[in-house]
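Hi,

Here is the complex you wanted to look at.

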Amino acid sequence: MAVDPHRRYLLSDADVDIRDKAFVQSLTTEQFNDLLAQSLADPHAAPADLDGKPTSLLEGDAVVFFTPPSGDSDSGS
Amino acid sequence: MCRDIEHGGRRCDCDTSAARRRRRARAKQRAASDQVTAYIGATPYRPESAAVVSMSARPSYYDSDEWIEYDDYIHDAADRHGVTIVSAQRADGLWLGETEPAGAYTVRADSTAQLHAWAAEVAGRYNQDSVMVSRATARGRGRLATYGAGGVDAEAALSTLRAAGLPGGRVVDGRLQIVSTPDAPLPGAAHALLDARFGHEATDRVSTTFVTKSLDHLRHSPIKDIQRIRQLYCDHHGLPTPRPLPHLTEADDIAAAQFYDQAAHEPTNPRVARSYRVLRQHITQQYNTLIDEGYHFEPWDETAQHTAREREVFAARRRAIAEGKNPNRAEAQVRRRPLPEQPYSDSAAMLADLRKRKHLYYFRTEVSQGTEGALPPDHPMAATVTVHVPLQRYRSGPRKGEPKPGQETTQHLVANDVFRAVHDAIAHSNGFQFGPRGERRAWWTHRNCLPSEARVALWNETRAQNVWTNAGPHMQVRTADGVTRLATIDDPQWVPLTQRPYAEQKCVDAPSWLV
């Protein structure tokens, strides 16, 4: 389906197929963000079926995400 | 080749004409930057100022002292909690609408408790409410979804997530990662959109926990009293303002270890001998300064173990009485435990002893020829030095063989004993543990309170020996393309920290770019 850059697409639109890679990749950033926001805003949305091959993480490994301080720490000299 | 490690050591080419040109350019840039700084300070219009700043060629955030200190602390804390960092990658993170540079660490530990204790300590140290820990497990109810095959533009992707109202996500190595938890699942439609836009690459089953901060970091906080003493010492001896530790990489560690490994023991080399002479003079003065400030150092031997045990018994009895329990039973429990072989269970215990009691145990040096682990008599640190005797010891009476009260105010000690005590007190008291990073920082802290003539000797006694242990030939891996790197936990050459060999005690003539 050809993307109209001036149209607002809704998840409920009959002609919108969010699994259509060509369609989704042709969306403008604003249109994509808008659709993503709609998908996140639905309180009754079914959770994603997230299965697939794993990354190189081994059983028991952990990923920890640290964000450095914003200057309010009690750093020593 | 640069002559000064403070310029970056062996990688610095500051003597070349190109480098001189760069220096001149940098000076001009600095002058311009000062003007920009003044401009920012004078105007409230931050966006305009920020735009001006972003045009200058600033080094990466990950080269900043702030990040290096942060990353070092994370690694040090990991060592303390028995957590092995398998990989550490730069990341761009989005959390509650804010995008920030961050770090993504893949780690391994024996237990979840160790992981959580580590994350909690880091969060506490930097006053962050919590840290997200996702542990891969087949029973995990959460999912770590990875999108894109290395080609995701971090800024654009995180802007998209932010604009769409997704609370968190990160881009690591060109891949977008989102954690979906049972409490906050990623909706199917959102996943479909992200998959279509970026490509769904992988999913790990994880158990995700938000670990809240602890106060564990306080056990490793710097001892302010010794910071004050260090500053006074530097001022008194006219030593220059302390310089921050340069960014030393794995390649620097390997280069230093290789040099020490191959260099000859040269105790009579005039440059080496002079450096050791200056080091002995200064550690003697530093020891005396600490003694005069009320600190006392005690060799760790059988007597010390019994003294420590009696102290422990006293504390246990007092605690039992306060809690209304039987003190005899509490004492019996303490006495049943075997006497410890080490004075301190970890660096935090040493810091606590130093902080609360102004006391430190050290291992007495054995000086003898041909005995494994002993210091050879021709080693400059085998010489004796004369130091002050703590006043406190006079009050409690002399030990066997020691001078009687009022007769002597000094004693003779092996220089190596004095050095080990002073180094732990002066340098490790800044909260640096006995792991590779802590030792590196301790070396630099001690280096900052010694004159330049002592640097060769200090390097031999600290940095060289530690870097050989942790980056010596036994830890090096030669890759197929001829590059030498350090073994990681997944390499067969990997040697756990506690099993690495000690370095030979040599005094070598190290060049300036190393010391």
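Helices (H or I, at least four residues) and strands (E, at least two) are DSSP runs, numbered from the N terminus.

Housekeeping next. This is a predicted model, in which local features need pLDDT of at least 70 and side-chain atom pairs count only at pLDDT 80 or more, while totals for chains, interfaces and linings use all residues. Residues are numbered from 1 along each chain as its sequence is written, chains are lettered from A and ligands numbered from 1 in the order in which they are written, and side-chain values use heavy atoms, with hydrogens and water left out.

Now the strands. Strand 1 (residues 62-66) of chain A runs antiparallel to strand 3 of chain B, joined by 4 bridges, and A:A62 sits opposite B:R135 there. Strand 3 (residues 130-136) of chain B is also joined by 7 bridges to strand 7 (residues 200-212) of chain B, again antiparallel, with B:S134 opposite B:T208. Strand 7 of chain B has another antiparallel partner in strand 4 (residues 142-147) of chain B, through 6 bridges; B:T146 faces B:A202 there.

On to the interface. Chain B puts 69 residues into the contact (heavy atoms within 4.5 Å) and chain A puts in 46. Together they bury about 5000 Å², 60% of it on carbon and sulfur atoms; buried area is the accessible area (1.4 Å probe) that two parts lose on being put together, summed over both. B:L193, B:A196 and B:R197 supply 15% of what chain B buries against chain A, more than any other three residues.

How many salt bridges does the rule find across the interface of chain B and chain A? There is 1, between A:D61 and B:R108, with the closest N and O atoms 2.8 Å apart (the rule: a side-chain nitrogen of Lys or Arg within 4 Å of a carboxyl oxygen of Asp or Glu). Helix 6 (residues 188-198) of chain B gives the largest share of the side of chain B that touches chain A, 10 residues.

Finally, confidence. The predictor gives the complex an ipTM of 0.87 and a pTM of 0.74. Chain B averages a pLDDT (the predictor's confidence in each residue, from 0 to 100) of 84, and 85% of its residues score at least 70. Over residues 32-57 of chain B, though, pLDDT stays under 50. Where pLDDT is low, the predicted coordinates should not be read in detail.

Cheers

Key:
Pairing = 2+ DSSP bridges.
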